[in-house]
Amino acid sequence: MVSPAASRTSPSGIRRIVAASLIGTTIEWYDFFLYGSAAALVFNKLFFPSTDPLTGTLIAFITYAIGFLARPLGGVVFGHFGDRVGRKKLLVLSLLLMGGATFAMGLLPTYASIGVGAPVLLTVLRLVQGFALGGEWGGAVLIVSEHGGDRHRGFWASWPQSGAPGGNLLATGVLALLAAVQSDAAFLAWGWRVPFLLSGVLVIVGLWIRLTVSESPVFLAAQARAEADAARGAGRKAPVVEVLRRSPRQVLTAIGTRFGENISYYVLTSFLLVYVTTHLGLPKSTALNAVLIGSALHFAAIPAWGALSDRIGRRPVTLIGSVGMAGWAFAFFALVDSKSFAVITAAVTAGLLLHGAMYGPQAAFISEMFDTEVRYSGASLGSQLASIAAGALAPIIAVELLKDYGSSVPVSLYLCAAAVVTTVTVAVARETRGRDLAAAQAGPRTPAGAAADPAAYGRTGPTTPDPA
């Protein structure tokens, strides 16, 4: 059997895999964020009409949050099969599910046409989106992490992370373009459907690229060992059961690491659209264009932060972002309240750059916490449980705080508290930079029924240099 080290992916191969993961995650996040932007600008009027604009928006964001509820289920299901049959097959399936649901949203009749059936259908499709995205993140970052070498894993694995601002950039850009060339009446009548229908074309492109990706040598080696164990009659538990038994501390660390990052991102993007249009009374183009510019710089900053984590560690870079965000939470709204487009754009951009410091090292940091046999399940479970506690509720809590207090101060306190949670979590976590993923999973396994030592699966061993 060829060892993972011996079959290390070539530089051209890793670039191809990174490109496939980046394009796929960009398309999937485009689909997911498109709903968030539409919830703030369109769905509150067409699917959840209300006499109070903030109430209609709040209801629209509740269905937005429902998509997050399906993400842990998607993470468990995709993680199970991803750890058993491979990362590639599941990534293709997640792209098909996400793209199909988004395309179908563009064909939905509105509340004025079929009444309560419209929001029900929209909610079902949102659940499908959440289920698909729950399996996307773990697979996309793992297939890059497992192909890349130990010394530059932070840089390579951060590129799929750039799919989030890339997708937001694409979704916001399409909406901003339509808002610029259409009247509000035309946009509400039919223009909003265009970006959803465009998803069908993007999925075809994404599938063509993803089907060219090869499975990682690290996973193939682990799969071969599992098959050999099965041939000897050794039992094998479900990956999600194994990861909870062996690595509960790492799952909790993944949740805490993502907590402040998740909340800050949705406040800086989705909630900002509501705050600028409803609270400040500015045109939606102001918020859309500010997020557009900020997302472009965010896209470039994430790999830079990932590369820095290869030099100084995952923890220090993440702490730069979380500590900075705790302070920026108060400056952010003070600057947005100026109603100046330039100042609002600067506020959003600075916030997203700090978010990038938390988000860039995250893929490598979480991937390095788990063994290969349970890595997809562990990474997906930790990240998607955080999405419920953090990302799903962030726009709802922020809108409710604004509705109740009529001020941004409670929202700033909420954002600051979230950043503190991540700061404390990462401050007490173990550094993972430089771990050999193949060596980590090749070590002694815990026999069935034996007590597991969770710390053993999170301890940083000696750095193994790349053979190349």
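Start by selecting Thr-253, which sits in helix α12; helices (H or I, at least four residues) and strands (E, at least two) are DSSP runs, numbered from the N terminus. With 11% relative accessibility, Thr-253 is buried, where buried means under 20% relative accessible area, exposed over 50% and partly exposed in between (1.4 Å probe, protein chains only). Show its surroundings and, setting aside neighbours within four places in sequence, you'll find Thr-253 in contact with Met-369, Thr-425 and Ala-429; contact here means heavy atoms within 4.5 Å.

Before moving on, keep in mind that this is a predicted model, in which local features need pLDDT of at least 70 and side-chain atom pairs count only at pLDDT 80 or more, while totals for chains, interfaces and linings use all residues. Residues are numbered from 1 along each chain as its sequence is written, and side-chain values use heavy atoms, with hydrogens and water left out.

**Zoom out**

Colour by secondary structure: the chain has 20 helices and zero strands. Of its 468 residues, 59% are buried. Among contacts with a separation of 6 or more, 87% are between residues 24 or more positions apart.

Tyr-265 is buried, at a relative accessible area of 3%. Draw a C-alpha to C-alpha line from Tyr-265 to Ala-164: the two are 101 residues apart along the chain, and the line spans 9.9 Å. Beyond four places in sequence, the contacts of Tyr-265 include Phe-33, Pro-165, Asn-168, His-298, Leu-352 and His-355.

Now for the nonpolar core, a set of buried Ala, Val, Leu, Ile, Met, Phe, Trp, Tyr and Cys residues joined through side-chain atoms within 4.5 Å. Which members of the largest core touch the most others? Select Phe-43, Phe-47, Ile-263, Phe-271 and Val-336, out of 108 residues in that core. Helix α12 (residues 248-279) supplies the largest share of this core, 15 residues. There's also a second, separate core of 11 residues, including Ile-17, Ala-20, Ile-209 and Val-213.

Centre on Phe-271 and leave out its neighbours within four places in sequence. Its contacts are then Tyr-266, Phe-333, Pro-395, Ala-398, Val-399, Leu-402 and Val-411.

**Two helices side by side**

Show helix α17 (residues 375-392) together with helix α18 (residues 394-405): their axes come within 5 Å and cross at roughly 20 degrees. Those axes are lines fitted to C-alpha atoms, for helices over the stretch in contact, with angles running from 0 to 180 degrees between N-to-C directions. So α17 and α18 are roughly parallel to each other; angles under 35 degrees count as roughly parallel, over 145 as roughly antiparallel, 65 to 115 as roughly perpendicular and the rest as oblique. Ala-390, Gly-391 and Ala-392 make the contact from α17, and Ala-394, Pro-395 and Ile-396 make it from α18. By class, that contact has five nonpolar residues, one polar and no charged, with Ala, Val, Leu, Ile, Met, Phe, Trp, Tyr, Cys and Pro counted as nonpolar, Asp, Glu, Lys and Arg as charged, and the others, Gly among them, as polar.

**Two arginines**

Jump to Arg-314, in helix α14 (residues 314-336). Is Arg-314 buried or exposed? Arg-314 is buried, with a relative accessible area of 0%. Its side chain joins that of Asp-310 in a polar contact of 2.8 Å; a polar contact is a pair of N or O atoms within 3.5 Å, where within protein one must be able to donate a hydrogen and the other to accept it, and residues adjacent in sequence count only if both atoms are side-chain atoms.

Then try Arg-245, found in helix α11 (residues 239-246). Arg-245 is partly exposed, at 22% relative accessibility, and a 2.8 Å polar contact joins its side chain to that of Glu-242.

**Two loops to finish**

Select Gly-86 in the loop between α2 (53-85) and α3 (87-105). Gly-86 is buried, with a relative accessible area of 0%. Gly-139 is 53 residues away in sequence and 8.9 Å away in space, C-alpha to C-alpha.

Last stop: Lys-339, in the loop between α14 and α15 (341-359). Most residues other than glycine have a negative phi. Lys-339, though not a glycine, has a positive phi of about 65 degrees, and Lys-339 is partly exposed, with a relative accessible area of 45%.
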